[in-house]
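I opened the notebook to record a few look-ups in one structure.

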Amino acid sequence: MLFLNACNTKKQHSEDSALSTTEDPFLGQKPPDLVPEVFAPGIVNTAENREIEGMFSVDMKAFYFIKRPLSEDAKSNVLTVVEYKNNQWQESGIRQGVSEPSISPDGKTIYFAKEYMERTDEGWSELKSIGEPFEDIDIMRLSVSSNNTYYFDTFTPKLDTPLRYSRLVDGEYEEPKSLGEQFATGIYNAHPFIAPDESYIIWDSRRDSGYGSSDLYISFREADGSWGPAINMGDKINTPNAENYPTVSPDGKYLFFDRREKSESNEPPVDIYWVSTQVIENLRPR
């Protein structure tokens, strides 16, 4: 079912309308270097809608993001996809009323906090619960590694809960454990992205030492398996505005994230940015 009419895009696209005929996954854009740029302006990012939380499919032939009109509330969220099929790029809506998606490394599952849907021969399944021991945890975003370990945040009134993880052991998920003090500094440690091989994790956090509002931080896995210090990703990534919802493209080449401009309204404009993952390598300890 399509929900595009609810999105009120500037250019309405039917299920079979083409956005571009090039097979280039970046829709003909010149890829960015170390300075973030808005991703696909006028196609993904528009002036009429709020587009957030972008991520690519494993084959790089589909870009998923959350869209809703600026005047609407979260009930109007639509998981939207721009995908290459029938030799052209097309836009369609997948599911309404969801948010904070993350895709599994094998591309077969999309998570929405404590729920998920699976890829089937007919499309995407109905939403299912991830079950215990997460039923009583107010997860905002969950990210999964290649070995099925969950990494996730937790909303609390004080925004003081660290990022945690839970391993799959003998077919069941263990009780969640803290990733460490570096994932609990400041407030609102949230929206993690775990590298498929668990070599690094990126998340957003509000800290006194940051550039303002929420910044993106990264921690690298050390040789002994522990997590290294939280590293602010710097003034090219972080600004006085809010940066959050990081994800890395499956080819490992680009970091995507949201940037929210300052605004006196209740709903600030949001753009999905992308930047070369060389910014990650530049921060990796030698």
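Entry one. I noted that I am working from a predicted model. I looked up N49 and found this residue in strand β2, residues 49–56. Is N49 buried or exposed? I read a relative accessibility of 2% for N49, so I wrote down buried, as the cut-off for that word is under 20%. I also found a polar contact between the side chains of N49 and T46, at 3.3 Å.

Entry two. I traced an open sheet of 4 strands in the order β17-β18-β19-β20, with antiparallel pairing. Which strands stand at the edges? I found β17 (187–194) and β20 (231–232) there; each has a single partner strand, so one side of each has no neighbour in the sheet. I then followed β18 (residues 200–206) and β19 (residues 215–220), an antiparallel pair with 6 bridges. I saw I202 opposite I218 in β19.

I turned to β22, residues 254–260, where 7 of 7 residues are buried. I sorted them by direction: Y254, F256, D258 and R260 point one way from the strand, and L255, F257 and R259 point the other way.

I looked for the partners of β22. I found 5 bridges to β21 (residues 242–248), running antiparallel, with V248 opposite L255. I noted that β21 and β22 form a hairpin with 5 residues between them. In its turn, G252 has a positive phi of about 75°. I also found 7 bridges from β22 to β23 (residues 270–276), again antiparallel. There I recorded V270 in β23 as the bridge partner of R260.

Note on methods: Residues numbered from 1 in each chain as written. Predicted model: local features only at pLDDT ≥ 70, side-chain atom pairs only at ≥ 80, totals over all residues. Heavy atoms only, no water. Helix = DSSP H or I, 4+ residues; strand = E, 2+ residues; numbered from the N terminus. Buried < 20%, exposed > 50% of the residue type's maximum accessible area, 1.4 Å probe, protein only. Polar contact = N/O pair within 3.5 Å; in protein donor to acceptor, adjacent residues only side chain to side chain. Pairing = 2+ DSSP bridges.
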